[in-house]
Each structure stands twice: as C-alpha cells, then as structure tokens.
Amino acid sequence: MTSEPIRCGWRGMQGDPLYEAYHDTEWGVPEYDSRALWEKLVLDGFQAGLSWITILRKRDAFRAAFADFDPEIVARFGDEDRARLMADAGIVRSNAKIDAAINGARVYLDMRDAGEDFSQFLWSFTNGRVIHNRWEAIGDVPAKTEVAEQMAKGLKQKGFKFVGPVIVYAFMQATGFVNDHLTCCHRHAPTDRMSA
C-alpha cells in the first residue's frame, strides 16, 4: 500500500487528479520558452478574480480558442474573433480580458521584432536565477513581492494588461521564477534541484 505524497495545502487540490497532476508536474518548474511564458501570463490574466482551478479546467478550451496561443495568429484577431470568443462558453468570457490577450500578442511581437526576447526580459527581473524560498506553511507565502512589483511595472510599461503584482507573482510561482513549494511538499527539493 502506497501513501499519498505530501503536497502544498492548496484549497480543493486533494483528491482532484487534474489539480494534483498540475502541482506535481508543472507548477514551479522553471520555464524559459517565450511562447509558453506568454501563454501562462495570458491565462493568469484570465484568472483575475477567479480560482486557478477554474482556468486549469478550461485550459484546453482556451488553447483551442486562442489558436494554441500562437502570437502571430492572435495578434491578427479582429471583431469576428472577439465575437467568437465572447460566445465561447468553454473559456472565461470577458471583453477586457480578451482584448488584453490580443493586445498582449501584439506587444509580444513588437518586442520580438525589436530584438527583445520575452523570456530574457522576464528572467532579467531575477537576474536569470530562480528565487529559492523556504516557506513552511501556506500562510507564509506572500501574495506579491518586490520583484513581482518590478516585473508587473515592466510589463505594464511594455503595454501588457492584467499584469498587476498579485497576478504576476502567481505567474512567477507557476513558471518557476520562484520555488514556492512548501518545504514539507514532495516537490520542494526536486524543484530546487531543477534550478540549482
């Protein structure tokens, strides 16, 4: 008989196979691919005011609706695409968030065309290194940090929307800019080793 691994104490995760798999395989793993980082930033923007599990359950529908988050395609979305997205019950339907995603694709491409790599831009806020935290309890984990505030400011200056410091810190946690797995979690030490 095998015992269940100890995980971070996220509300609603225990016993949810999708949520547990996301925690165990994806959350906190350092991501360096620019397109993957942009997708996650867009999804975190859609999360604003909602729980992450809501977005996670809709992620495949978001990928289908947003052309697998290809910024070249999303940047060309027009009024018909906006109407299609607002009619898509599989995603979060918000004009402001949809417009932010389309605008974000255009900003992403503007950066690329100016010779600025999105991943390098983001990782510059941590000097290219993962921040290793050692939180012992879920209540110890902050909602935002000074680095998240700096990254949020930098993203806003570029023209991105829905990138406040709380959203940005959730993005940083998910994409491995910080290791915020609790020290008791079975993923803390392996995630630390990925980014040592």
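User: Which element gives the largest share of the lining of the second largest pocket, and how many residues is that share?

Analyst: The model is predicted. In it, H2 provides the largest share of that lining, namely six residues. The second largest pocket holds about 210 Å³ of space. Its lining consists of 15 residues, and those nearest the centre are Glu26, Glu31, Ala36, Lys40 and Arg59. Two elements, H2 and helix H3 (52-65), each give two or more residues to this lining.

User: How many residues of each class line the second largest pocket?

Analyst: Its lining has seven nonpolar, one polar and seven charged residues. Asp, Glu, Lys and Arg count as charged, so Glu26, Glu31, Lys40 and Arg59, which lie among the residues nearest the centre, belong to that class.

User: What makes up the lining of the largest pocket, by class?

Analyst: By class, 17 residues of that lining are nonpolar, four are polar and four are charged. The space in the largest pocket is about 690 Å³. Of its 25 lining residues, Trp10, Gln47, Trp52, Ala170 and Gln173 come closest to the centre. The elements giving two or more residues are helix H1 (17-25), helix H2 (34-47) and helix H9 (165-174). Among them, H9 provides the largest share, six residues.

User: Why is a space called a cavity and not a pocket, and how many cavities of 30 Å³ or more are counted?

Analyst: A space is a cavity when a 1.4 Å probe fits but cannot get out, whereas a pocket is open. By this rule the count is one cavity of 30 Å³ or more. The largest cavity has a volume of about 110 Å³. It is lined by 13 residues, and Leu41, Val42, Ala100, Ala101 and Lys161 are the closest to its centre. H2 and helix H6 (95-113) each supply at least two of the lining residues, and H2 has the largest share with five. By class, this lining has nine nonpolar, two polar and two charged residues.

User: How do you know what span to expect of H3, and what span does H3 reach?

Analyst: The expected span is 1.5 Å times one less than the number of residues. H3 has 14 residues, and the expected value is 20 Å. From its first C-alpha to its last, H3 reaches 18 Å, which is close to that value.

User: Where does H3 bend, and by what angle?

Analyst: H3 bends at Arg59, by about 55°. Just after H3, Ala67 takes a positive phi of about 50°.

User: Where does Gly128 lie in the chain, and how far is Gly128 from Trp10?

Analyst: Gly128 belongs to the loop between helix H7 (118-123) and strand S1 (131-132). Gly128 and Trp10 are separated by 118 residues in sequence and by 28 Å in space, C-alpha to C-alpha.

Terms used:
Residues are numbered from 1 along each chain as its sequence is written. This is a predicted model: local features need pLDDT of at least 70, side-chain atom pairs count only at pLDDT 80 or more; totals for chains, interfaces and linings use all residues. Side-chain values use heavy atoms; hydrogens and water are left out. On a 1 Å grid over the protein atoms alone, a cavity is a set of points where a 1.4 Å probe fits but cannot get out, and a pocket is an open set with protein on both sides within 12 Å along at least five of seven lines; lining residues have an atom within 4 Å of a point. Grid points are joined across faces, edges and corners, and a volume is the space filled by probe spheres set on the points. Helices (H or I, at least four residues) and strands (E, at least two) are DSSP runs, numbered from the N terminus. The bend at a residue is the angle between axes fitted to the seven residues ending there and the seven starting there.
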